[in-house]
Amino acid sequence: MSTERAAEITTLISIGELARRSGVASSALRFYEERGLIQSIRPVALESGKPRSSRRMYAKDVLRRVSFIRVAQIVGLSLDEIQQALATLPQQRTPGKQDWERLSRSWQPLIQERIDTLTKLRDQLSSCIGCGCLSLKSCALYNPGDLAGLRGSGARYLMGDSSKTVLAENRIKKK
């Protein structure tokens with residue numbers, strides 16, 4: 001057995017080990033594999049060339065992919081977005097630092113947008129958000145008569161509209 005082949009075999013981990021180390025259920029790992037997000041390896045017996053086992057085995061670098069998938073899901077990315085990003089990584093070799101840096105740079109604007117939205121939500125949730133409920137005393141000042149609703153549905157002030165703009169537009173329309 002070649003040293004290279006022996007090293008490859010010892011770097012494989014079982015689906016159970018991958019689940020344990022990543023904190024992701026085996027069923028989710030199978031689902032990720034069905035979606036093409038990760039790939040398993042079915043080892044063969046070196047002497048006969050026949051499959052040694054039907055167990056799913058994974059290269060250790062799959063642990064990083066699974067961790068990446070979980071973090072991407074936590075920040076709100078869809079599996080389709082994650083799959084598109086992972087498709088840009090090499091399948092023939094373990095992705096290197098430059099591959100991961102390139103991928104993370106492409107997501108920075110999206111992640112920053114989500115951070116900004118969450119920050120705005122955190123800072124404005126206790127005040128008028130322009131949703132039309134008019135349940136807070138401040139709504140009478142910032143969204144009188146639900147003027148923000150004229151711009152569309154939803155929490156308009158959390159979506160980027162400002163009460164100053166809404167009130168100014170209403171003043172212009174009244175003239």
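**Reading helix packing and cores**

Modeller: Start with helix 2 (residues 15–22) and helix 3 (residues 26–34): their axes come within 9 Å and cross at roughly 105°. This is a predicted model, where local features need pLDDT of at least 70, side-chain atom pairs count only at pLDDT 80 or more, and totals for chains, interfaces and linings use all residues. Residues are numbered from 1 along each chain as its sequence is written, and side-chain values use heavy atoms, with hydrogens and water left out.

Colleague: How is helix 2 oriented relative to helix 3?

Modeller: Two packed helices are described by the angle between their axes and the distance between the axes. Axes are lines fitted to C-alpha atoms, for helices over the stretch in contact, and angles run from 0 to 180 degrees between N-to-C directions. Helices are DSSP runs (H or I, at least four residues), numbered from the N terminus. Here helix 2 is roughly perpendicular to helix 3; that label covers 65 to 115 degrees.

Colleague: Which residues in helix 2 and helix 3 meet?

Modeller: Ile15, Leu18 and Ala19 in helix 2 meet Ser26, Leu29 and Arg30 in helix 3. Contact means heavy atoms within 4.5 Å. The residues of this contact divide into 4 nonpolar, 1 polar and 1 charged. Ala, Val, Leu, Ile, Met, Phe, Trp, Tyr, Cys and Pro count as nonpolar, Asp, Glu, Lys and Arg as charged, and the others, Gly among them, as polar.

Colleague: How many residues has the largest nonpolar core?

Modeller: In soluble globular proteins, nonpolar side chains tend to be buried together. A nonpolar core is a set of buried Ala, Val, Leu, Ile, Met, Phe, Trp, Tyr and Cys residues joined through side-chain atoms within 4.5 Å. Buried means under 20% relative accessible area (1.4 Å probe, protein chains only). The largest core has 25 residues, and Leu29, Tyr32 and Ile82 have the most contacts inside it. Helix 4 (61–74) gives this core its largest share, 6 residues.

Colleague: Which residues of helix 5 are buried?

Modeller: Leu79, Ile82, Ala85 and Leu86. They lie on the same side of helix 5, because they cover an arc of only 125° around the axis. The arc is that of the directions from the helix axis to the C-beta atoms. The buried residues of helix 5 pack against helix 3, helix 4 and helix 6.

Colleague: Is Leu158 buried or exposed?

Modeller: Leu158 counts as buried because its relative accessibility is 17%. Leu158 sits in the loop between helix 7 (139–142) and helix 8 (163–174). Beyond neighbours within four places in sequence, Leu158 is in contact with Lys120, Leu121, Gln124 and Ile129.

Key. Helices (H or I, at least four residues) and strands (E, at least two) are DSSP runs, numbered from the N terminus. Angles under 35 degrees count as roughly parallel, over 145 as roughly antiparallel, 65 to 115 as roughly perpendicular and the rest as oblique. Buried means under 20% relative accessible area, exposed over 50%, partly exposed in between (1.4 Å probe, protein chains only).
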